[in-house]
Number of protein chains: 2
Amino acid sequence: MQLLDGRETAEQIRKELAEAVQERKKAGKKIPHLAAILVGNDGGSLTYVGAKVKACDQIGFESTLIRYDDSVPEEILLAKVKSLNEDKSIDGFIVQLPLPAHIDELKITQAIDPKKDVDGFHPVNLGNMVLNLPGFLPATPAGIVELLKRNNIVTEGKKCVIIGRSNIVGTPLSIMLGRNSNPGNCTVTLAHSRTQNLKEICQTADILIAAIGQPDFVTADMVKEGAVIIDVGTTRVEDKSRARGWRLKGDVNFDEVAQKCSFITPVPGGVGPMTIASLMINTLKAMELKGK
Amino acid sequence: MQLLDGRETAEQIRKELAEAVQERKKAGKKIPHLAAILVGNDGGSLTYVGAKVKACDQIGFESTLIRYDDSVPEEILLAKVKSLNEDKSIDGFIVQLPLPAHIDELKITQAIDPKKDVDGFHPVNLGNMVLNLPGFLPATPAGIVELLKRNNIVTEGKKCVIIGRSNIVGTPLSIMLGRNSNPGNCTVTLAHSRTQNLKEICQTADILIAAIGQPDFVTADMVKEGAVIIDVGTTRVEDKSRARGWRLKGDVNFDEVAQKCSFITPVPGGVGPMTIASLMINTLKAMELKGK
């Protein structure tokens, strides 16, 4: 078994992006500028946004963090999105999800100019993805595909089973891995809560991807010998041995599955860092798509 | 074995739509108006467009057919698309594909206002489909889903294998049947030219859908006893016994598969009429989405 080390791969990507920034500086070109809107004080969201700002710093991107209180009215947030759409100094921006219940997430997501939608959540970008047209790929699926590519894992003709059909991971990933591209050309099965005989279906997978947020859901008996395992889960579970009182747990029972598979992503340090790396790639792309 | 009679189901839909038109007339509302652009004289395209205009007549929709010679420059076609986008009397329109090689199909498809894109080919409509948001569903996949629904075929939890990943049939259909809706909630596997062990994969399907345009590709040994078979293929093959010299042939070897399955669509008379029915449903929806 070999670890698919997302931290190491993401570090490599950051280095490449930092070089690209230096090249841009030398050529007198604009430096990519990412903005992030964060609403409230959710611990997970704070961590994610913090990691994104830190990645910008490491690469040399400019970044702006805009924070609102939990009680911010939807129209204030919408107005901010519109002003960021028009702000020429900002190349791409994200609104960290989840948002408080009184705010319509879809309304916010759809208000973002698709050309600045570096999270790749806008319908136009999803549609472009379906058609294999230029656009922003959703960050987590794109990070997974990049991780496979940079670790020389062949996908063409392989049977891939994805558990979980969320709009931000499972569904777009099923399209990206199934379409005619490299990585891609997998025979993808998208499994979900209504799937019957899930265990048997998983056993057929050369590449098994779990994205449901249920700790230890995937056990060794569900895994084919030599399969590639991608674990997208990051659930906080209690851990009194740690000062903060919790740790992150994936959807895969790592200890038992690791014995059986060829490659596996750890949690943390697998898909998470790759998601942030994708966002950085998209931010540079946002400038390039504009021809800047 | 029972036939999934697309002609009969489409006829039922046309009747319902004709009633809706009568209701609209009574209420003094606008009658839906579909326009179609046809370039050149391809026999298949002529037949399809003719059938669409005829369906409009039967339902009581207004229709306009705009024809161009094979040699029409791309900019003339683009200008027509733009004028139809702005024409308030037209509720929805289609550009019949394929287009001559000198015209960029994607450019034309993307120029259509998504609100009038009753074929459902625009990236915005595909993205909305991925997110399960309101919009136009691509006509052929939507027709297949409607055919399953009106014939009370349960899809939830069923294993569905789709052969062929085209942008207009296989790929969108895989999303529609896999998402959380009814019909939907299938466990979908999307197979294609790079798929290995296709026969074994097809044998697991409760619902098997062939959309590759290769006559008689699906044979009895690929089909599970009692499966539901949807045949999207419509290839013209030589038939000297007919005055016109050809007949339509599906992707499924009907005679041998029919012995083994529970339901099957004939070719012609299965998916084809449902595609046209979907287009009509979308045309009415185009008005309703505008609140007219």
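Two strands are said to pair if DSSP finds at least two bridges between them. In this predicted model, strand 5 of chain B pairs with strand 6 (residues 187-191) of chain B in the parallel sense, over 5 bridges. This briefing considers the surroundings of strand 5 and then the relation between the chains.

**Pairing of strand 5**

- The chain leaves strand 5 of chain B, passes through helix 7 (residues 170-178) of chain B and reaches strand 6 of chain B in a right-handed β-α-β crossover.
- Strand 5 of chain B also pairs with strand 7 (residues 207-210) of chain B, in the parallel sense and over 4 bridges.
- Within strand 7 of chain B, Ile209(B) is the bridge partner of Ile162(B).

**Burial of strand 5**

- In chain B, 5 of the 5 residues of strand 5 (residues 159-163) are buried, so the strand is largely enclosed by the rest of the structure.
- Lys159(B), Val161(B) and Ile163(B) point one way from strand 5 of chain B, while Cys160(B) and Ile162(B) point the other way; all are buried.

**Relation of the two chains**

Key:
Residues numbered from 1 in each chain as written. Chains lettered and ligands numbered in written order. Predicted model: local features only at pLDDT ≥ 70, side-chain atom pairs only at ≥ 80, totals over all residues. Buried ≥ 20, exposed ≤ 12 C-beta atoms within 10 Å, placed from the backbone. Helix = DSSP H or I, 4+ residues; strand = E, 2+ residues; numbered from the N terminus. Right-handed = clockwise from strand over helix to strand, strands pointing away.
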